[in-house]
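Subject: Handover of a structure and notes on its contents

Dear colleague,

Please find the structure below, followed by an account of what was found in it. I would be grateful if you would read the notes with the structure open beside them.

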Number of protein chains: 2
Amino acid sequence: VELRIAFIGFGKVAQAFARMIESRRDYLLREFDLSWRTMAIATANHGSIFTREGIDLTEAVAAMESGANLHKLGGAFAARDPYEVLERCPADILFETTTLNPTDGEPAATFIRQALERGINVVTANKGPVAFAYRELKTISVRNKASFRFEGAVMDGAPVFNLAEYCLPAATVKGFAGVLNSTTNVILEGIEEGRSFEESLSEAQRIGVAEANADYDIDGWDACVKAVVIAKVLMEADIDPRQVARKGIRGVRGEDMRSARNEGMTIRLVARGWRDGLRTCLSVSPERVPLDSLMGSTRGTSNALILETDLMGEIAIVEKSPGVEQTAYALLSDMLRIRSSMSGRHSIG
Amino acid sequence: VELRIAFIGFGKVAQAFARMIESRRDYLLREFDLSWRTMAIATANHGSIFTREGIDLTEAVAAMESGANLHKLGGAFAARDPYEVLERCPADILFETTTLNPTDGEPAATFIRQALERGINVVTANKGPVAFAYRELKTISVRNKASFRFEGAVMDGAPVFNLAEYCLPAATVKGFAGVLNSTTNVILEGIEEGRSFEESLSEAQRIGVAEANADYDIDGWDACVKAVVIAKVLMEADIDPRQVARKGIRGVRGEDMRSARNEGMTIRLVARGWRDGLRTCLSVSPERVPLDSLMGSTRGTSNALILETDLMGEIAIVEKSPGVEQTAYALLSDMLRIRSSMSGRHSIG
């Protein structure tokens, strides 16, 4: 089966995904009866294009890397913006990986909404649209028989939502606790090693873990939005990121780390979810955790999520030192899931 | 859909499973269109029975708990042994949870082979038949269009094989490392706390973690057989448990633990698998691991398995303090997977 695919957002994650699938064309065709034709790519700074015949994805990646405008690719028509791409381009799957506005999930949520309304399956690595519009987008996807998948929204390609959906049948998630933000983890490790908060932040920025403006991570927003995604999808919670009790790591000093260490503890930015009657409560804050606990063992960019369930007790999933490849894998895993939900001889579930 | 189910082996795990499903009849019917009728139960010491009308599973559990023979249950015919049950009882799923002979996987492998030959789906919590006869049993299951599922063989109900099959599509497992045996973990913890090896073993037996004869755990056989199961199923390895480089924890002394501790380390019985060219190599031995590492964080009966993959890097699954309920959940999870592979409106994948 040849799927027509389109991209809105074509940054590092989408490019890594493009390389991942293009270098495995034979394998994916043979094992999953999956092939694809790239119909459109919309970017913020390199133009937006659509075609009738298909774009060479490898050429598109090369153009992005060299800083060229995509309009120069052969056989491509220029589009004004992503909205025109969505209107004019026929696609079976939209890969949405735009830069996120973390306070409202836009414009990603609008792109996704419009695609789902047109019956296009959507795969996103963006947590914002899920945190702010999960129920609405899910309803539209069901009504239009289009998939809405977002494994990459939390913990990159580590299975979180697929784990719950396909591996924990009949089990109910009652609560969770997790170390979900890499930047704060790297900063806290720096403070633990004797550097100041500012030095640790600079180091995290230098190695590419933290953005130039890292307030969103440091103040706990990133972990908070991820906690909301987990709560909405796995616990059917109705909660807004702004309602979450949230405390970032700005107040954490070297002496806090040292005094924790003296007691066999360390400090992590922990996101928690639990039920209080019918309500789901969330919190994000720096917590003392034992050095020899699962959360204490998260080093560097590693993440961990502990799910408390009724039938299966506590299980955890840990992702070690993820990079852009792991987020790209989330897109591939969702693409294969969509492929397997279509008819055909091959299936992953 | 009403599935006809049968049990060979009806000990603690099967009884916990029976209670789990019987107490959720309405829920499982509503959410998964799943109902069942128990056609036969074969035990080693409480008789073997089969029926035409169905056995009351709750009554059967009560009979086992009171030490009664199952022959006394209403409407049940006595069978000589499990083999007669397999011959005379029509069933859609066989739940195989007999006591394991760890050196050859028998008689479990024979029960499973005969059931699959007759086209009966099999769910087992036994690692032995998988370790010794995986390829043969898988071949028979494919030929007879019957499922062969064994999520409970490693790490109880924590998704290991389902995780790889449904959540890591197109990713290849290149190696693994895990703390897979609870008894040795509890003993090592006891030694760490200052008790002798013998005292720690007695304590593990007293709290019901270790068997009266715990040699199988202590000498690393249990971890070894589990490692073989992982290697055969996830790495397509062709290896026999007797070929594994295996060292148990008998030699571990308090001073070893203390000297490790002084360096921020602890000792765990670690099972490892890796590729060496086309060969898959396995080892089981006590290893020093950092206290603040994932494996160092496994306390009490907790287990952890780290999978090294090509596309998804390293991810780990951790099961905290599992008990018999978690193994029972493995049976339920496999049962729901079989249900969803049949036609019908409900599906978990």
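**Aromatic rings**

Across all chains, a search of the whole structure finds 20 aromatic pairs. One of them is formed by A:Tyr27 and A:Phe32, whose ring centres are 6.2 Å apart and whose planes meet at 75°, so the pair is edge-to-face. Please bear in mind throughout that this is a predicted model. To follow the reasoning, note that planes over 60 degrees apart count as edge-to-face. A:Tyr27 is partly exposed, with a relative accessible area of 26%, whereas A:Phe32 is buried at 11%.

In chain A, one aromatic cluster is formed by A:Phe7, A:Phe10, A:Phe17 and A:Phe95.

Arginine side chains also meet rings. A:Arg25 lies over the face of A:Trp36, 4.1 Å from the ring centre. In chain B, the face of B:Tyr166 has B:Arg337 over it, at 3.5 Å from the ring centre.

**Two helices of chain A**

In general, two packed helices are described by the angle between their axes and the distance between the axes. For helix α1 (residues 12-22) and helix α13 (residues 324-341) of chain A, the axes come within 8 Å and cross at roughly 65°. The crossing of α1(A) past α13(A) is right-handed. On the side of α1(A), the contact is made by A:Lys12, A:Val13, A:Ala16, A:Phe17, A:Met20 and A:Ile21. On the side of α13(A), the residues include A:Val324, A:Glu325, A:Thr327, A:Leu331 and A:Met335. Which classes of residue make up this contact of α1(A) with α13(A)? There are eleven nonpolar residues, one polar residue and two charged residues.

A:Glu2 is placed in strand β1 (residues 2-8) of chain A. With a relative accessibility of 43%, A:Glu2 counts as partly exposed. Which residues does A:Glu2 touch, not counting those up to four places away in sequence? They are A:Ser35, A:Trp36, A:Arg37 and A:Asp92. A:Trp36 is also the residue whose ring face lies under A:Arg25. Between A:Glu2 and A:Arg37 there are 35 residues of separation in sequence, while their C-alpha atoms are 6.8 Å apart in space.

B:Ala79 belongs to strand β4 (residues 77-79) of chain B. B:Ala79 is buried, with a relative accessible area of 7%. Neighbours within four places in sequence aside, B:Ala79 is in contact with B:Ser48, B:Ile49, B:Phe50, B:His71, B:Glu84 and B:Val85. How far apart are the C-alpha atoms of B:Ala79 and B:Thr124, which are 45 residues apart along the chain? The separation is 21 Å.

**Backbone details**

A cis peptide bond, with omega about 0°, joins A:Glu106 and A:Pro107. A:Pro107 lies in the loop between β5 (93-96) and α5 (108-117) of chain A. In chain B, B:Glu106 and B:Pro107 are likewise joined by a cis peptide bond, and omega is about 0°. B:Pro107 is found in the loop between β5 (93-96) and α5 (108-117) of chain B.

Positive phi values in residues other than glycine are the last topic. Where is B:Glu236 placed? B:Glu236 is in the loop between α11 (221-235) and β9 (245-246) of chain B. Its phi is near 50°, a positive value in a residue other than glycine. B:Glu236 is exposed, with a relative accessible area of 68%.

B:Ser321 is not a glycine, yet has a positive phi of about 45°. B:Ser321 lies in the loop between β13 (314-320) and α13 (324-341) of chain B. With a relative accessible area of 46%, B:Ser321 is partly exposed.

Yours sincerely

How values were computed:
Residues numbered from 1 in each chain as written. Chains lettered and ligands numbered in written order. Predicted model: local features only at pLDDT ≥ 70, side-chain atom pairs only at ≥ 80, totals over all residues. Heavy atoms only, no water. Phe/Tyr/Trp six-rings, centres within 6.5 Å; stacked < 30°, edge-to-face > 60°. Buried < 20%, exposed > 50% of the residue type's maximum accessible area, 1.4 Å probe, protein only. Lys NZ or Arg CZ within 6 Å of the ring centre and 35° of its normal. Axes fitted to C-alpha atoms, helices over the stretch in contact; angles between N-to-C directions. Helix = DSSP H or I, 4+ residues; strand = E, 2+ residues; numbered from the N terminus. Left-handed = near helix turned anticlockwise from the far one by under 90°. Contact = heavy atoms within 4.5 Å. Nonpolar A, V, L, I, M, F, W, Y, C, P; charged D, E, K, R; others polar.
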